[in-house]
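Keep the picture open as you read, and click on each residue as it comes up.

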Amino acid sequence: MRLSPAEVFDALLRPDQASDRALDVVRKVRLQRTVAAGLSGAALGLCGAQMQTIFRNPLADPFVLGITGGASFGVAVVVLTAGTGASHWIGGLDVAGKVGITLAAFVGAMAVTLVALAVAHRVRGTASILVVGLMIGYLLAALVSLLVAAAEPDRLRQFVTWGFGSFRGVTNAELKVMAPVLIVGIAVSLLSTKTLNALLLGERYAESMGVAVRRDRLLILLVTSMLAGVVTAFVGPIAFVGLAAPHLARPLVATSDHRILLPAAALIGAVMTLVAEVVAQLPGQRGVLPLNAVTALLGVPVVIWVLTRRSRSEVIT
Amino acid sequence: MSTALALEARGLIAGYRRSRRAVPIVEVDSLRAPGGQLTAVIGPNGSGKSTLLRTLVGSQPPLAGEVLLDGVELGQLDRMGRARQVAVVLTDRIDPGLLSVADIVLLGRHPHTGWRGDLTSEDVRIAHDAASRLGVDVLWSRLFAELSDGQRQRVLVARALAQQPTVLVLDEPTAFLDIAGRVELTLIVAELARGGLAVVVSTHDLDLALTHADRIWLVASGTVVDSSPDDLVSGGVLAKAFLPHDHGAEHAASFEAVVTALHRSMRL
């Protein structure tokens, strides 16, 4: 559908002047997609920045805790076993439908999160939490491939499509759930700046300055997992944005102070998903590129370029 | 000069628990670190200096006994209250990313600020004063990652000072420094003690400890001997602590001679 910039402008800000066609396209389709993409990107960027500080590891992002793995496993169970005996216990839902997939992804992500948080509560060192998250991720990936091996082609196609990630499937009704949850989560995340700044000196220094390290770490991980879980449930696994946004934000704002870094990472995450969404539909009428491929294809060269340009200082996190 | 008992321990057993079994490392009836004095904690490796210090600052609970800060039991204070009384310089190497010297020293204001960590002009003044006392105010806007070991260590002491504690505890602050850096930092912490702070510093620099400290805690054989530097040198306890096995009388005597000579020469 082609609309001129003037038509889009009218549809957004002067609805009485706009054509019905423009109103339909802009207000019922494009606006949802844009809001969903922007909020998802902001949430993922924020999660990445927080996790890289909590784990003091530049490779940490929302998915290392196995959150994607959990979501994928949930979706794999629902989609790939639909119509077989295994799906009966899931209940009367239209299990292979959109609602079923969203619910399955969310339940899967949250289940993994609860396991990771239980581990986080018991161990002192953050490295162990990270490794446990990775292990859960591998375990679930193995289970998913078992399901894939046994799946029917139609089901498999549906599962793979979910795995591409997409903002265009988000309906108005879904956005009414997704947007408020993400906005509240983002707002709550921004309250964590003081603790995160103290954690830059390491857990022992943070503790000596009065930070309740274990409690705060648990709360921050809970919120990041909620954000990443909700995003994954509604739009699929969007890889790479959470990892890259903080790395692009740091040199831009030239500080690790979270009062500046967190909003910057959220903003850059939003820009990344919006750009990726535009690029994904460039092929035009014929369909769209997988979103996950676009974020990585565009993002990887940029991140490598940014990091090598300032490699002299060897400052990453 | 204040002589209030900033830090006091009674009937203390410091150690850890392994599967609910208590493993005591250091036991001591009574220890005192008064305000205005520099207390050096010395002892051979593995004697429990770090365990003792961690217990005294409340980052690990005592197996028995109590630690008092300005007369208040450590357990009675909440985290923030404790952080307003005790500040530490740890042996941990830190990697704070893109934080400037100012950012790090200002982090010392953490227990004094509200939930967002907003800084008042008073907070900035206190932090800047702390940086000046350590001579790192000239590095104020430099990145911490770009500094030398000696500069980093002074920034970390300034951060602890910005916390405005009554007790300052430093765990081997001179470990990574060259000899000039060691002397300089020792003089600085001695100066901080003269200003009224209770300063407790663990160190392997026996010479610097004996010449600059007001009190020495010698940690060895699971207990602590609290004495003045002079008594420690004349009493022959040092050789006993650092040479616990039977190295022969000659060995012990030559060790003692070295310590005494060091002590004399540094005092001149």
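Predicted model: local features only at pLDDT ≥ 70, side-chain atom pairs only at ≥ 80, totals over all residues.

You'll find B:Gln164 in the loop between α5 (149–162) and β7 (167–171) of chain B. B:Gln164 is partly exposed because it has 18 C-beta neighbours inside 10 Å.

Now hop over to B:Leu206, which sits in helix α7 (residues 206–212) of chain B. With 18 other C-beta atoms within 10 Å, B:Leu206 is partly exposed. Which residues does B:Leu206 touch, leaving aside neighbours within four places in sequence? They are B:Ile42 and B:Val259. There's also B:Val41: it is 165 residues from B:Leu206 along the chain, yet their C-alpha atoms are separated by 9.6 Å.

Time for chain A. Chain A has 13 helices and 0 strands. Of its 317 residues, 48% count as buried. If you take the contacts in chain A with a separation of 6 or more, 76% of them are between residues 24 or more positions apart.

| Helix pair | Angle | Axis distance |
|---|---|---|
| α2(A) and α7(A) | about 30° | 10 Å apart |
| α2(A) and α10(A) | roughly 150° | within 9 Å |

Take the pair with helix α7 (residues 172–189) of chain A, where the axes pack at an angle of about 30°. That angle makes α2(A) roughly parallel to α7(A). The crossing of α2(A) and α7(A) is left-handed. On the α2(A) side the contact includes A:Val35, A:Leu39 and A:Leu46, and on the α7(A) side it includes A:Leu175, A:Met178 and A:Ile186. By class, this contact of α2(A) with α7(A) has 11 nonpolar, 5 polar and no charged residues.

The crossing of α2(A) and α10(A) is left-handed too. Among the residues making it are A:Leu44, A:Cys47 and A:Met51 of α2(A), along with A:Arg217, A:Ile220 and A:Leu227 of α10(A). The residues of the contact of α2(A) with α10(A) divide into 13 nonpolar, 3 polar and 1 charged.

How far apart should the ends of α10(A) be? At 1.5 Å a residue, the 23 residues of helix α10 (residues 213–235) of chain A should span 33 Å, and the end C-alpha atoms are 33 Å apart, so the two agree. Just after α10(A), A:Gly236 takes a positive phi of about 90°.

Finally, look at where the chains meet. The contact takes 22 residues from chain A and 23 residues from chain B. On the side of chain A that touches chain B, the elements giving two or more residues are α8 (193–199) and α9 (203–208) of chain A. That side of chain A has 8 nonpolar, 9 polar and 5 charged residues.

Conventions: Residues numbered from 1 in each chain as written. Chains lettered and ligands numbered in written order. Axes fitted to C-alpha atoms, helices over the stretch in contact; angles between N-to-C directions. Helix = DSSP H or I, 4+ residues; strand = E, 2+ residues; numbered from the N terminus. Parallel < 35°, antiparallel > 145°, perpendicular 65-115°, else oblique. Left-handed = near helix turned anticlockwise from the far one by under 90°. Contact = placed C-beta atoms within 7 Å. Nonpolar A, V, L, I, M, F, W, Y, C, P; charged D, E, K, R; others polar. Expected span 1.5 Å × (residues − 1). Buried ≥ 20, exposed ≤ 12 C-beta atoms within 10 Å, placed from the backbone.
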